[in-house]
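Subject: Structure for your review

Dear colleague,

Please find below the structure that I am handing over to you. My findings follow directly after it.

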Amino acid sequence: MKDRFDYGQNPEKTQGGELISAYECDHRTADAEFLLAKAKYKAVTGREQKRDADVLCYQIRQSFRPGEITPEEANRVGYETAMRWTKGKHAFFVATHTDRQHIHNHIYYNSTTLDYTGKFRDFFRSAAALRKLSDRVCLEHDLSVIQNPKLHSKGRFLHYGQWIGERPPSAKQRVRLAVVGALGKRPADFAAFLGLMEDAGFAVKHGRGGVISFLAPGQDKPTRLRSSTLGPGFDPEDIRAVIAGERPIPELPKEGLPSPRRVDLIIDIQNRLAQGKGPAYERWAKVYNIKQMAAALLYLREHGLADYEALAASTEAAVDRFHTLAEELRDTEATLSHTSQLMGAVVQYAKTRPVFDGYKAARYSKKYLAQHETELSDYRAAKAAMNELLDGAKLPKMDALKKKRRELAEKKKALYAEYRKAQADMREAVAVKGNIDHLLGHTDERDKAQER
């Protein structure tokens, strides 16, 4: 029980413990309080169960659609769900986790009642009853629910703690953790750092242009050591600066903020009914459309859009911003690709230039050519690529190219975040305008004009 509670109360998942609320217990000592309640139950009732048959506590896991709820609101919803499920007769605490894309609650409640005279018992289809209650609470808070939950398969089911333990982190996260761990051991130089990574089970790959990648056990594709892949502070130059004591060990990147709530287009009920949908669908669709119109009106109020012209202008601005960012992102990616190709050509040229100088010193000897034909071919290809990429411009220094590539990679990452937010804003604005058009009859007028 303590292991489960420690997992639920993990400060890295609950924003330092701020997203934990409790009822009739202190979450920090809940394991001891729950066990004490068992002892009091025995003293009051005289009943005692076998240790391996006794249920110490129950856990509810409640997840929410990404971007639809704040962590604080999720904790309040979890608290309300737990209170209504236990009817206030059992101590419980709610821990809200934000370490995943979907915010979710872990609700732990004592199997023994607060008056020590009874215990909670699972009943037939208790999971279905709990899901129904959770859906009702979520709908009351204008949150999404799963309309058609999938039935259980006949496969093997795992305890949640077992599932967590068996689910490995992503390849990038494994590399980040290994890098931070290796730097924590204070290697003397970059070579020693690479040795520590190998000791941790990672194969070190050296690519063209000085690129370094790590291949974890069981991983098919190596992960490059660079900030554009792993995040700020994970470039080889950054690692060398950490080893030299010029900068701190890079921090592990956190999950991004959830995207704003999305407004969906309302449903054409008559068209759907014509496709064979039944009365139950019609009832659901009407409720769904009311929720979408309410969300659209709330959007207008939150954005201060008092008239239709302002809504149209705001929607057009959102669309323009999305396309502007998309174009800027494409230009940045093209420049980054150009810089990377130029760096690769420069490195290849520098590596093969001594061979060409030797060929020249040998007065273009056929024997020398036969011995170094591959290197000379690489030299000519690198020189041709440099001339084409430079297009008459002066060749920058390698340090300048590295700095430019790092800045472009950081700019690309920042642009991607803006691009995704602009895309969500545009979709929301377009959906709201579409719903308002439907409400005002503008859609019908356009359809009639097209028919004429």
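Lys-433 touches Tyr-308, Leu-311, Ala-312 and Thr-315, leaving aside residues up to four places away in sequence; contact here means heavy atoms within 4.5 Å. Lys-433 belongs to helix α15 (residues 398-440). With a relative accessible area of 19%, Lys-433 is buried. The term buried means under 20% relative accessible area, exposed means over 50%, and partly exposed lies in between (1.4 Å probe, protein chains only).

Please note that this is a predicted model, in which local features need pLDDT of at least 70 and side-chain atom pairs count only at pLDDT 80 or more, while totals for chains, interfaces and linings use all residues. Residues are numbered from 1 along each chain as its sequence is written, and side-chain values use heavy atoms, without hydrogens or water. Helices (H or I, at least four residues) and strands (E, at least two) are DSSP runs, numbered from the N terminus.

Helix α14 comes next. Its 18 residues (373-390) reach 26 Å from the first C-alpha to the last, close to the 26 Å expected at 1.5 Å a residue; the expected span is 1.5 Å times one less than the number of residues. Which residues of α14 are buried? They are Leu-376, Tyr-379, Ala-382, Met-386, Leu-389 and Leu-390. Seen down the axis of α14, these buried residues fall within an arc of 160°, so they line one face of the helix. The arc is that of the directions from the helix axis to the C-beta atoms. The buried residues of α14 pack against α12 (308-361) and α13 (366-371). On the face turned away from the buried side, α14 carries the exposed residues Glu-373, Thr-374 and Glu-388.

Helix α3 (residues 71-86) has 16 residues and spans 22 Å from its first C-alpha to its last, close to the 22 Å expected. Its buried residues, among them Pro-71, Val-77 and Trp-85, pack against the strands β1 (20-23), β2 (57-63), β3 (92-97) and β4 (104-110), and against helix α4 (126-140). Lys-87 follows α3 and has a positive phi, near 60°.

Finally, I turn to a pair of helices. In α6 (residues 171-184), Val-175, Ala-178, Val-179, Ala-182 and Leu-183 meet Phe-193, Leu-196 and Met-197 in α7.

Yours sincerely
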